[in-house]
Amino acid sequence: MDYKKTYTQWCTDPYFHEETRAELKAIASDEAEIEDRFYRQLEFGTGGLRGVIGAGTNRMNIYTVRQATQGLANYIVSQHGQDRGVAIAYDSRRMSPEFAEEAALCLNANGIKTYRFESLRPTPELSFAVRELGCIAGIVITASHNPREYNGYKVYWEDGAQITPPHDKNILAEVAGVTEFSQVRTMDKEEARTQGLYETIGSSIDDRYMEQLKKQSIHPELIQKAAGDIKIVYTPLHGTGNLPVRRVLKELGFAQVYVVKEQELPDGAFPTVAYPNPEDEKAWTLALKLAEEVGADIVLATDPDADRLGVYAKDTKTGEYVSFTGNMSGMLIAEYILRERAAAGTLPERPALIETIVTTDMAKAIAADYGVALIEVLTGFKYIGEQIKLFEQHNSYQYVFGLEESYGCLAGTYARDKDACVAVMMLCEAAAYYKLQHKTLWDAMLEMYEKYGYYKEGLATLTLKGIDGAKQIQDRMSRARSCPPQALGGLQVLAVRDYKEGIRRDLRSGRTEPSGLPASNVLYYELEDNAWCCIRPSGTEPKIKYYFGVKGKSLEDAAQKLEALKQDLTHSA
């Protein structure tokens, strides 16, 4: 792409709005900025688009959204799915309502009906709506937990999960084929309404979604007993979780829910946090302050599109609040579900727990303890959603719970993506269960460590932006692939799984075997002493990610082992 030529076209072509042209003319003297905005087309990956908001081919704007939507529309038409329609949701980010509108009108112009939510909704409710309305596909406008300058566009298929093979590659090909804006269609909104192509949805879907959430409760009677005593602090971090989270907790009977007022209302500028991510400890300042004031038992935060949940719980011995990783909170919910359903005799036949390859190995120990199958998939909750579909198609396993390390999980099959709303509900129910035993969630976590082992995991990231950054990321992966380490953190590397090559190589015997999962640019090292680590480029940000996990004899031992592994992995990679 001749980026200067494309830049000039955007500055002069009347197809682009006057505001867009003015924004670009204002950077006429900034060669580096022009290059970054136009050196490529914003990549439509296997999940959709994600990028910085602004004018340019390498930015999120109404033009790149239309272009992607035209490609999706072409594929839907090829699948004869026009009449089934597409559900569309959006979050609180800047330009989210506008991008949702542009996507709807582009689809409408291609004869495809759309069901657009009247206002912002959580991503998991979009997943639910796709199935509930019988749609061929779904779109949600969100950049999830990314910084405020980002927005994104995620595509779902008829099963309610994000697109997986063969649809992902086929849609990618259709999007890549839309090379000129003259190929993109749109239409007037009122005309779309008149033709019955544009429908607004809202409260009726909310009600049905809420009923499905409450069906996941195992012991509503325990909630009634403890609900008056347990104190919950919650922050939606200016996102979509505020109404659904508070509603489900209220309808279940939790009486003492305190919401962080400064972060209650939707705001795409995220004025109280630099990074609206419950994985970032800086996002918790206001919630922990409120928790201290009210004496909360549990502190919860959801990300802007309410598919990720972060947790703090009180340590009764020290009086301090302890941070829970996504692995820890996921394990608490998983064991609560398995233990209580097993005791009640409501576990299905051939039950299965699903996790990604970078999720805690404690899941394997818990699954084995309850006689539940443990299925591993590639990183990304879409692969967990895909397994639910395959279970149903093949009548093999029955899904009980799924989780990934990045603060996401799903109880139930009403949706096919991670859902912070149901995670809040299940974790609060577990907290009520333990409250009646005079225990906190931290007490329960310590009991799990004693029973299954002191599993601890970590994540390190390296951000490398721009053209040079993308090349550096690929160079790092190539070096790691061509020169695998013999030891990391003082632990011998026993085997290497190269998911790009599709093989697992045992370094002791030299034997190779299929990796058993789809091709992906991921390297996974199996280490002695129940340790492991994994390297992969981020699919949504200009980062390379390093995951690692250990099993210690105590919390201190696990922390020491993890730090040694982290240092060695990040310095040697």
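A cavity here is a set of points, on a 1 Å grid over the protein atoms alone, where a 1.4 Å probe fits but cannot get out, and its lining residues are those with an atom within 4 Å of a point. I will start with the cavities, then go through some helices and a few single residues.

Before that, the ground rules. The model is predicted, so local features need pLDDT of at least 70 and side-chain atom pairs count only at pLDDT 80 or more, while totals for chains, interfaces and linings use all residues. Residues are numbered from 1 along each chain as its sequence is written, and side-chain values use heavy atoms, with hydrogens and water left out.

The structure holds two cavities of 30 Å³ or more. A volume is the space filled by probe spheres set on the grid points, which are joined across faces, edges and corners. The largest cavity has about 50 Å³ of space. What lines the largest cavity? The residues are L309, G326, S329, G330, I333, Y407, G408, C409 and A423. The elements that give two or more residues to this lining are α13 and β15 (408-411). When I say helix, I mean a DSSP run of H or I with at least four residues, and a strand is a run of E with at least two, numbered from the N terminus. Helix α13 supplies the largest share of the lining, four residues. By class, the lining has five nonpolar, four polar and no charged residues. For those classes, Ala, Val, Leu, Ile, Met, Phe, Trp, Tyr, Cys and Pro count as nonpolar, Asp, Glu, Lys and Arg as charged, and the others, Gly among them, as polar.

The second largest cavity has a volume of about 40 Å³. Its lining is N327, M328, M331, T360, M362, M445, Y449, Y455 and E457. The elements that give two or more residues here are α13, α17 and β16 (454-463). Again α13 gives the largest share, in this case three residues. This lining has six nonpolar, two polar and one charged residues.

S329 sits in helix α13, residues 326-344. Is S329 buried or exposed? S329 is buried, because its relative accessible area is 7%, and buried means under 20%, exposed over 50%, and partly exposed in between, with a 1.4 Å probe and protein chains only. Not counting residues up to four places away in sequence, S329 touches V311, F324 and L427, where contact means heavy atoms within 4.5 Å. A polar atom of the S329 side chain lies 3.4 Å from the backbone oxygen of G326.

Next, α17, residues 441-452. Its end C-alpha atoms are 16 Å apart, which agrees with the 16 Å that twelve residues should span at 1.5 Å a residue. The expected span is 1.5 Å times one less than the number of residues. The buried residues of α17 are L441, W442, D443, A444, M445, M448, Y449 and Y452. An α-helix has 3.6 residues a turn, so residues three or four places apart point the same way. At the N-terminal end, T440 is the cap, with a side-chain oxygen 3.2 Å from the backbone nitrogen of W442. Just after the helix, G453 has a positive phi of about 120°.

Helix α5, residues 96-109, reaches 20 Å from its first C-alpha to its last, close to the expected 20 Å. Eleven of its 14 residues are buried, including F99, L105 and L107. G111 follows α5 and has a positive phi, near 80°.

H80, at about 60°, is in the loop between α4 (62-78) and β2 (86-90). H80 counts as exposed because its relative accessibility is 68%. H238, at about 70°, is in the loop between β7 (231-235) and α11 (242-252). H238 counts as buried because its relative accessibility is 2%.

Last, the loop between β5 (150-157) and α7 (167-176), which holds E158. E158 counts as partly exposed, at 34% relative accessibility. Leaving aside neighbours within four places in sequence, E158 is in contact with R84, V130, R131, C135 and I136. The side chains of E158 and R84 are joined by a polar contact of 2.6 Å; a polar contact is a pair of N or O atoms within 3.5 Å, and within protein one must be able to donate a hydrogen and the other to accept it, with residues adjacent in sequence counting only if both atoms are side-chain atoms. P166 is also in the loop between β5 and α7, and the peptide bond from P165 to P166 is cis, with omega near 0°.

Terms used: 1 Å grid on protein atoms, 1.4 Å probe; cavity = no way out; pocket = protein on both sides within 12 Å on 5 of 7 lines; lining within 4 Å.
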